[in-house]
Amino acid sequence: MTMFDKRSAGVCAALALTAIGQTAFAAPSESKKRQKDGRPNIVYIMTDDHTGQAMGCYGGPQNAQKVNPTPNLDRIANEGVRFTNSYVANSLSGPSRACMITGKHSHKNGFTDNSTCVFDGTQPTFPKYLQNAGYQTALIGKWHLESLPTGFDHWEIVPGQGNYYNPDFIQQNGDTVQVHGYLTNLITDKSIDWLENERDRDKPFAILVHHKAIHRNWMADTCDLNLYENVTFDLPETFYDDYEGRPAAAEQEMSIIKDMDLTYDLKMYRPQVDTRLKGMYENFVGRMDDEQRAKWEEFYNPIIDDFYSKPREGKELAEWKYQRYMRDYLKTVAGLDRNVGRLLDYLEENDLMDNTLIVYTSDQGFYMGEHGWFDKRFMYDESFRTPLVMIPPKGYKAKGDITEMVQNIDYAPTFLDMAGVKVPEDMQGVSLVPLLKGQHPKEWRDAIYYHFHEFPAEHMVKRHYGVTDGRYKLMHFYNDIDQWEMYDLENDPNEMNNLYGKPEYADLQTRMLGILKAKQVEYDDPIRFKFPIAE
């Protein structure tokens with residue numbers, strides 16, 4: 001069954017919150033009807049492709065922090081903690097989500113790539129363990145694991161990647177419903193509606209708020225279209241990287257210069273001009289109603305006219321594409337930040353802050369022109385790292401920066417540990433609860449393991465695995481290539497100078513190979529290197 005829900009859930013410049021079909025904050029607050037179960041609630045907010053370079057508390061891209069503040073995301077960091085060494089296990093949307101929900105690396109949870117995998121919903125996940133322990137669980141927004149969710153008392157998900165405008169939602173009863181509005185607003189509306197009207201207030205809850213934003217093709221809400229149009233962003237130092245000594249980096253298809261589509265990505269739509277992804281763009285804007293489409297065209301048509309009246313090529317075209325990309329991306333961030341603020345305000349106004357763990361993260365990082373790229377996939381830091389900020393429940397001592405190395409396989413054991421549920425032995429992540437208590441365990445992990453499996457596929461990034469100890473990084477690109485890379489991240493943070501195979505770094509190379517071997521054994525990865533090293 002498909003229907004078109006005409007209830008507009010758009011919230012833009014206005015800060016008023018309207019939960020779907022309800023008056024905001026209609027029910028008694030938690031201070032008047034206190035949750036009987038004292039265990040903490042969990043609010044897990046995850047976005048798609050949001051990089052720390054586009055988040056104020058992590059510094060912002062070039063001068064973007066000045067014009068693109070993220071006050072609501074930064075509010076989480078300011079009131080709680082900011083993890084400064086937060087990583088993913090596999091920098092790709094579906095695999096990252098599978099790692100998060102299972103607490104296991106991709107080769108253990110079975111969802112290694114977006115191209116061939118379907119998530120096995122019968123396997124244990126942290127929502128199932130929480131359900132068995134008496135928690136209410138909910139998931140709203142992007143799922144992207146091909147199978148339908150399991151382990152949730154309530155769920156509403158978008159098919160696949162979802163649409164920014166007037167999206168479809170697959171409901172738990174099997175219906176697919178088209179809802180009018182902008183997706184980031186709608187996911188927030190539905191999350192607040194569940195918190196306000198559907199949960200049992202005598203039980204603890206865990207809600208996963210999964211946004212499509214800031215995923216390609218970066219379609220901002222109509223009220224944000226004029227943001228940043230007078231800003232010129234500085235080019236990253238490595239924008240014109242020539243990939244010397246790094247053949248695997250040279251062979252990708254995620255170049256702003258060569259691969260960013262003028263129509264789909266940059267919205268330079270002309271009916272008579274064909275581009276590779278033009279049809280996808282037509283489908284996206286075709287979902288808009290007349291009012292949305294009119295505002296969209298009012299903004300973009302003058303830019304389109306200017307673009308086609310002034311032919312550009314070479315560096316001029318490359319840098320023009322970069323500026324448009326930055327503006328569209330950061331506009332989409334602005335709408336996301338506003339909606340995070342709406343959810344935080346709801347929790348605060350309903351006295352839910354003290355007994356709730358609030359988490360904000362992304363499924364991975366993203367390239368904002370570094371190495372000339374957009375997208376993710378590589379183990380280079382811009383996509384290997386991911387933002388992670390939390391407000392722990394009252395009583396947890398940690399404040400400010402947490403510098404220990406953490407990974408998205410750690411989220412599941414953290415949620416279980418905080419809920420008083422024994423962490424299963426087969427979970428490969430570790431609980432972050434000691435760090436949130438202000439402790440610094442001596443036996444904390446000394447290295448992070450990574451494995452990207454998807455090739456050949458979109459963007460054509462080679463398969464690779466690797467390890468970092470925080471200072472140094474070792475990677476091996478394999479399958480149809482055999483290329484090793486090693487970097488000193490302190491002296492070469494842009495990862496331009498490949499040290500692997502240089503005689504003066506032989507001892508370091510041997511040490512890093514030993515760490516890599518140990519991690520592949522620890523995590524029981526069946527794909528392992530066979531390079532001979534001294535035992």
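Trainee: Where is Met268 found?

Mentor: This is a predicted model. In it, Met268 sits in the loop between helix H8 (256–259) and helix H9 (278–285).

Trainee: Is Met268 buried or exposed?

Mentor: Met268 is buried, as its relative accessible area is 0%.

Trainee: Which residues does Met268 touch, not counting residues up to four places away in sequence?

Mentor: Leu262, Thr263, Tyr300, Ile303, Ile304, Phe307, Tyr308, Trp320 and Arg324. Take Asp306 as a distance check. Met268 and Asp306 are 38 residues apart in sequence, and their C-alpha atoms are 10.0 Å apart in space.

Trainee: On to helices. How should I read a packed pair?

Mentor: Two packed helices are described by the angle between their axes and the distance between the axes. Start with helix H6 (residues 183–198) and helix H11 (residues 314–349). Their axes come within 9 Å and cross at roughly 10°. Angles under 35 degrees count as roughly parallel, so H6 and H11 are roughly parallel to each other.

Trainee: Which residues of H6 and H11 meet?

Mentor: From H6 come Thr184, Asn185, Thr188, Asp189, Ile192, Leu195 and Glu196. From H11 come Gly335, Leu336, Asn339, Arg342, Leu343, Tyr346 and Leu347. The residues of this contact divide into 6 nonpolar, 5 polar and 3 charged.

Trainee: At what angle do helix H2 (residues 71–79) and H11 cross?

Mentor: At roughly 50°, with the axes coming within 7 Å. H2 and H11 are therefore oblique to each other. On the H2 side, the contact is made by Pro71, Asn72, Leu73, Arg75 and Ile76. H11 supplies Leu336, Asp337, Arg338, Val340, Gly341, Leu344, Asp345 and Glu348. The residues of the contact of H2 with H11 split into 6 nonpolar, 2 polar and 5 charged.

Trainee: Which residues of H2 are buried, and what covers them?

Mentor: Asn72, Leu73, Asp74, Arg75, Ile76 and Ala77 are the buried residues of H2. Their cover includes H11, strand E3 (81–83), strand E10 (356–362) and strand E11 (388–391).

Trainee: Now strands. How many of the residues of strand E6 (residues 154–158) are buried?

Mentor: 5 of the 5, so E6 is largely enclosed by the rest of the structure. Look at both faces. His154, Glu156 and Val158 point one way from E6, Trp155 and Ile157 point the other way, and all are buried.

Trainee: Which way does strand E5 (residues 136–142) run relative to E6, parallel or antiparallel?

Mentor: E5 and E6 run parallel, joined by 5 bridges. Gly141 has Ile157 in E6 as its bridge partner. Strand E7 (residues 168–171) pairs with E6 in the antiparallel sense, over 2 bridges. There, Glu156 has Gln171 in E7 as its bridge partner.

Trainee: What is the strand order in the open sheet of 4 strands?

Mentor: The order is E14-E15-E16-E17, and the pairing is antiparallel. Strand E14 (448–452) and strand E17 (483–488) stand at the edges. Each has a single partner strand, so one side of each is left without a neighbour in the sheet. From one strand to the next, the twist averages 10°.

Trainee: Over how many bridges do strand E16 (residues 472–477) and E17 pair?

Mentor: Over 6 bridges, in the antiparallel sense.

Key. Residues are numbered from 1 along each chain as its sequence is written. This is a predicted model: local features need pLDDT of at least 70, side-chain atom pairs count only at pLDDT 80 or more; totals for chains, interfaces and linings use all residues. Side-chain values use heavy atoms; hydrogens and water are left out. Axes are lines fitted to C-alpha atoms, for helices over the stretch in contact, and angles run from 0 to 180 degrees between N-to-C directions. Angles under 35 degrees count as roughly parallel, over 145 as roughly antiparallel, 65 to 115 as roughly perpendicular and the rest as oblique. Contact means heavy atoms within 4.5 Å. Ala, Val, Leu, Ile, Met, Phe, Trp, Tyr, Cys and Pro count as nonpolar, Asp, Glu, Lys and Arg as charged, and the others, Gly among them, as polar. Two strands pair if DSSP finds at least two bridges between them. Buried means under 20% relative accessible area, exposed over 50%, partly exposed in between (1.4 Å probe, protein chains only).
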